[in-house]
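Notebook open, structure loaded. I'm jotting down what I look up as I go.

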Amino acid sequence: MDNNLVSVVIMFLIGVAVFLAGWFARRLVDRSKIVSAEELAEKIVREAQREGETQKKAAVLEAKDEWYKAKAKFEEDTQSTRSELDKLQRSVEKREENLNRKVEFLDKKEHELNTLTENVKKTETQVSERTEKLSRLIDEQNERLERIAGMNRDDAKKLLIKNMESDARLEAARMVKDIKDEARRQGDKEARDVLTLAIQRCAADHVVESTVSVVNLPGDEMKGRIIGREGRNIRAFETATGIDVIVDDTPEAVILSGFDPVRREVARLALERLITDGRIHPGRIEEVVNKVSKELDEHIVELGEEACLDVGIHDLKPEMIRLLGRLRYRTSYGQNMLQHSKEVAYLCGLMAGELEFNVAIAKRAGLLHDIGKAVDQTMEGTHAALGGELARRYSEDDIIVNAIESHHEDVEPTSMIAVLVQAADAVSGARPGARRETLETYIKRLEKLESIAGSFQGVERSYAIQAGREIRIMVQHRKIDDARAEALASAVARKIEAELKYPGQIKVVVIRETRAVEYAK
């Protein structure tokens with residue numbers, strides 16, 4: 001009994017010990033888990049903080065990148081806006097300059113009109129004074145006639161009225177002549193101003209061609225292949241193109257000669273293509289020439305369309321466009337006719353704009369004024385008459401037809417557009433460098449220029465420079481003072497205008513030099 005109780009007590013104690021041991025062990029495990037959880041939480045918090053810092057830095061960097069991009073775009077937009085503003089400012093300044101020029105021109109016109117009005121008033125005053133004088137003379141004559149001649153009053157009146165009418169007609173004729181002369185001077189001056197402005201605003205290229213074309217060869221042995229056996233190749237080529245082929249001692253080159261520039265261009269292109277291909281025989285020559293002719297016809301149409309586009313004309317008939325393109329291969333005194341026609345069109349448009357005429361009609365007439373030169377080598381007649389007939393055939397306006405026919409004064413001009421075409425044609429053909437001038441004519445002009453300058457007293461030496469566009473005159477300083485030097489320059493310029501024909505203008509420079517020389521001993 002006692003043993004069982006002891007056993008129960010022992011077992012109870014053991015159970016209590018086990019429970020306490022388990023409880024303590026659980027406490028230890030829970031505390032360990034709590035510590036681990038706290039450490040894990042701290043680690044997570046640290047990682048979260050680091051990730052937050054990383055994301056923050058990335059966000060800051062991204063924000064800075066976006067800021068820099070926005071700043072660059074803003075600067076680019078600002079620069080573009082500034083450029084547009086600069087362009088607008090330049091445009092406004094240019095318009096302001098044009099307006100100032102027009103205002104100056106109008107002020108000048110107003111001054112001239114006021115001067116003319118004052119002259120008219122002076123003339124009216126003179127007429128009134130002379131009328132009064134005539135009245136007194138009439139009265140005196142009446143008294144004298146009645147006293148001496150015994151004439152009645154009616155007869156004396158008739159005689160006096162007749163005398164007065166004769167004097168009045170004479171005075172009126174003088175006044176009309178003075179007014180016409182003044183108007184002519186003013187008209188010439190205004191015409192020079194308009195032409196000068198048009199020339200200044202028009203710049204053109206200079207193209208010089210001749211009646212021969214040179215084709216380079218890869219070697220002299222190619223000449224034999226061009227000639228062919230017994231000359232059959234060269235005869236076939238000349239027959240197909242209508243151009244003479246000159247094979248001489250010129251190394252690695254042959255010369256194509258002919259007055260038709262289009263045929264000569266076909267021959268040049270065809271020969272170059274045959275040389276590149278290497279197959280040269282009569283059949284191949286005919287095939288290549290035909291192909292090149294078609295290609296050149298298409299190119300001529302393109303040249304005509306390009307010229308119309310450059311000038312601003314868009315409704316020409318196709319045949320007129322083709323004839324216009326042919327002028328690219330036509331020259332006159334070394335001046336390319338297509339470039340000349342475009343230049344005349346530009347000048348006509350500029351002058352028409354200044355004079356408030358129809359600019360489109362003026363440009364069209366200027367572009368077509370030499371259209372007859374595209375056919376004058378195959379048809380009879382002057383190029384002005386042929387051009388007028390072509391323009392009439394293709395339903396051009398009567399003003400344009402007359403401008404074409406009258407630009408060399410073969411017929412009378414019927415409109416101001418025709419007069420503008422005459423002026424623009426003369427300006428384009430006469431400007432320095434536009435057309436060739438023979439050496440003999442050039443030298444004579446320079447000699448004449450120097451002789452005119454040397455004909456004045458006090459001139460020591462004179463030199464024509466700048467290809468005759470400037471004359472420098474050395475004068476004796478003891479005979480010509482500063483005031484007389486200016487008068488001499490004006491007098492020489494007037495005499496050159498009266499006695500010499502020249503393109504453009506000639507600058508007259510009078511040089512008066514005084515030298516004092518002394519020696520130090």
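**Entry 1: alanine 453.** I started with alanine 453, which sits in helix α13, residues 439–454. This is a predicted model, so everything I note here is computed from it. Is alanine 453 buried or exposed? I get 1% relative accessibility, and since buried means under 20%, alanine 453 counts as buried. Next I asked which residues it touches once neighbours within four places in sequence are left aside. The contacts of alanine 453 are Val459, Ser462, Ile471 and Ile473. I also checked alanine 453 against alanine 491: they are 38 residues apart in sequence, and their C-alpha atoms are 9.4 Å apart in space.

Entry 2: Most residues other than glycine have a negative phi. Glutamate 252 has a positive phi, near 55 degrees. I found glutamate 252 in the loop that links β2 (244–246) to β3 (253–257). Its relative accessibility is 40%, so glutamate 252 counts as partly exposed.

Glutamate 356 also isn't a glycine, and its phi is positive at about 60 degrees. Where does glutamate 356 sit? I see it in the loop between α8 (337–355) and α9 (359–368). With 74% relative accessibility, glutamate 356 counts as exposed.

**Entry 3: α4 against α6.** Then I went for a helix pair. I took helix α4 (residues 232–241) and helix α6 (residues 282–311), whose axes come within 9 Å and cross at roughly 25 degrees. Angles under 35 degrees count as roughly parallel, so I put α4 down as roughly parallel to α6. The crossing of α4 past α6 is right-handed.

Which residues make the contact? On the α4 side I listed Arg232, Asn233, Ala236, Phe237, Ala240 and Thr241. On the α6 side I have Pro282, Ile285 and Val289. Sorting the residues of this α4–α6 contact by type, I get six nonpolar, two polar and one charged.

**Entry 4: the whole chain.** The chain has 14 helices and eight strands. Of its 521 residues, 29% are buried. I noted an accessible surface of about 35,300 Å² for the chain, with 53% of that belonging to carbon and sulfur atoms. For contacts between residues at least 6 apart in sequence, I read that 61% join residues at least 24 apart.

Technical notes:
Residues numbered from 1 in each chain as written. Predicted model: local features only at pLDDT ≥ 70, side-chain atom pairs only at ≥ 80, totals over all residues. Heavy atoms only, no water. Axes fitted to C-alpha atoms, helices over the stretch in contact; angles between N-to-C directions. Helix = DSSP H or I, 4+ residues; strand = E, 2+ residues; numbered from the N terminus. Parallel < 35°, antiparallel > 145°, perpendicular 65-115°, else oblique. Left-handed = near helix turned anticlockwise from the far one by under 90°. Contact = heavy atoms within 4.5 Å. Nonpolar A, V, L, I, M, F, W, Y, C, P; charged D, E, K, R; others polar. Buried < 20%, exposed > 50% of the residue type's maximum accessible area, 1.4 Å probe, protein only. Areas by Shrake-Rupley, 256 points an atom, 1.4 Å probe, with all protein chains shown as cover.
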